[in-house]
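Please look over the sequence and the structure below before reading the briefing.

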Amino acid sequence: MLRPKTAFSRRQFIAASTAAAATWTGAVCAQDAGGTIVLGQSCPLTGSAAQIGQPFHEGAKLYFEQLNAQGGIARRNIELRVMDDGYEPERCAANTQRFLSDDVFALFGYVGTSTSMAALPLLQKARVPLFAPLTGADALRQPQLAQLVFNVRASYADETALMVRHLTGLGLKKVAVLHQNDAYGESGLAGVKAALAAKGLEPVGAATVERNSNNVAAAVKTLVPLGADVIVQIVTYSASAAFVRAARQAGFGGQFYNVSFVGSQALAQTLGKDAEGVVVTQVVPSPFQTSRQITRDFLAAIQKGGGKLTPNYSSMEGYLAARVFADALRQASASGKPTRDGLVAALDAMHGQQVAGFPLAFKPQSAKPRFVELSMLTGDGKVRV
């Protein structure tokens, strides 16, 4: 294997990442049928993003099931009703229409930018809130959506800004971008461009790969000859793994950086020993380090559930999203039956607060801190921060 020309030690990585880190009024709806509050989740349970969608759903399900076992919220259970969209926008839109026809209380944990964007016109028309979509796209963080879409995770702009601070701190300024040819990829590319522009730089080149495809041959031919120090990848884990291997085989000796949506564990497992040194930004704390309260709570919940759920960043994000939603719903239920208006008001009140040490910043373009950190994959399938 070629040794990266810009390789750096894990100690250098940690030092540089530490220096770079930054710190609707909808229609009133109250569900009381069977004492159950129904949430609708469209996410990929099959296809190229399944290893993100499945654990995210399972992490949320774990929290809701344990909450229900303790009596739910105001003696009402929460049902997380999931439908597979295969990471395809058309299927996500059809699933959303079904959820809205069934009059779900809210939409929860949609996975992906293009899929969430396909659902957006439907939920805007119905005035049904979407909570914790697993995407960092700015299109879902616009001021006009402030009372409709509530983002728990940081944006791709936040992630790529941290990347660029980190890279330039290491003296790496020649940055190329591989991005998915859709709204997800375009959002990530825009973030990289903006972060580089703030440093007086611009990408040395860019190339695309199609959604749900691992055909990276053309991208390799475009990007490898540029001599970039770093290639930032705004893709899913399967395309990222295919590109890393092909680019190295073609002679690329630089670094590979990925945004969180790549799916760290899936990427590490797919690459095997070739994962060594690949960097991924994270928008939730490490599920393996118990220095943070939210991680301790998450691991305790897994143990309480019989240890059936595998802890990773995606299942951790699902658990966290469910917990934040439940906290808001609890406030919305304080004076009686929960309503969508009450949920929105509760979420507004939680802006700027923390849940088990995790900062919440629901309002678009807010100056409130959002959690982002860098991690590095190892050749034995682990993720280090």
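In which loop does Arg75 lie? Arg75 is placed in the loop between H2 and strand S2 (77–84), where helices (H or I, at least four residues) and strands (E, at least two) are DSSP runs, numbered from the N terminus. This is a predicted model, in which local features need pLDDT of at least 70 and side-chain atom pairs count only at pLDDT 80 or more, whereas totals for chains, interfaces and linings use all residues. Residues are numbered from 1 along each chain as its sequence is written, and side-chain values use heavy atoms, with hydrogens and water left out.

**Helix H2 with helix H11**

- Helix H2 (residues 50–69) and helix H11 (residues 313–332) have axes that come within 7 Å and cross at roughly 40 degrees; axes are lines fitted to C-alpha atoms, for helices over the stretch in contact, and angles run from 0 to 180 degrees between N-to-C directions.
- H2 and H11 are therefore oblique to each other, given that angles under 35 degrees count as roughly parallel, over 145 as roughly antiparallel, 65 to 115 as roughly perpendicular and the rest as oblique.
- The crossing of H2 and H11 is right-handed, a crossing being left-handed if the near helix is turned anticlockwise from the far one by less than a right angle, and right-handed if clockwise.
- On the H2 side the contact (heavy atoms within 4.5 Å) is made by residues including Ile52, Phe56, Gly59, Tyr63 and Leu67, and on the H11 side the residues include Glu317, Gly318, Ala322, Phe325 and Arg330.
- By class, the contact of H2 with H11 has twelve nonpolar, five polar and three charged residues; Ala, Val, Leu, Ile, Met, Phe, Trp, Tyr, Cys and Pro count as nonpolar, Asp, Glu, Lys and Arg as charged, and the others, Gly among them, as polar.

**Helix H5 with helix H6**

- Helix H5 (residues 156–169) packs on helix H6 (residues 183–197) at an angle of about 40 degrees, with the two axes 8 Å apart.
- That angle makes H5 oblique to H6, and H5 passes H6 in a right-handed crossing.
- H5 contributes Tyr156, Ala157, Thr160, Ala161 and Val164 to the contact, while H6 contributes Tyr184, Ser187, Gly188, Gly191, Val192, Ala195 and Leu196.
- The contact of H5 with H6 has eight nonpolar, four polar and no charged residues.
- H5 has 14 residues and reaches 20 Å from its first C-alpha to its last, close to the 20 Å expected at 1.5 Å a residue, where the expected span is 1.5 Å times one less than the number of residues.

**Helix H8 with helix H9**

- The axes of helix H8 (residues 237–249) and helix H9 (residues 264–271) come within 9 Å and cross at roughly 40 degrees, and H8 and H9 are therefore oblique to each other.
- H8 passes H9 in a right-handed crossing, in which Tyr237, Ser240, Ala241, Val244 and Arg245 of H8 meet Ala266, Leu267, Thr270 and Leu271 of H9.
- The contact of H8 with H9 divides into six nonpolar, two polar and one charged residue.
- Leu267 lies in helix H9 and is buried, with a relative accessible area of 0%.
- Leu267 and Ser240 are 27 residues apart in sequence and 7.4 Å apart in space, C-alpha to C-alpha.
- Leaving aside its neighbours within four places in sequence, Leu267 is in contact with residues including Tyr237, Ser240, Ala241, Asn258 and Leu377.

**Helix H12**

- In helix H12 (residues 340–350), the buried residues are Arg340, Gly342, Leu343, Val344, Ala346, Leu347 and Met350.
- These buried residues of H12 pack against strand S3 (106–108), strand S4 (130–131), strand S5 (149–150), H11 and S11.

**Positive phi angles**

- Arg75 has a positive phi of about 65 degrees although it is not a glycine, and at 80% relative accessibility Arg75 counts as exposed.
- Ala356, also not a glycine, has a positive phi of about 50 degrees and is placed in the loop between strand S11 (354–355) and strand S12 (358–359).
- H12 is followed by Gly352, whose phi is positive, near 90 degrees.

Notes: Buried means under 20% relative accessible area, exposed over 50%, partly exposed in between (1.4 Å probe, protein chains only).
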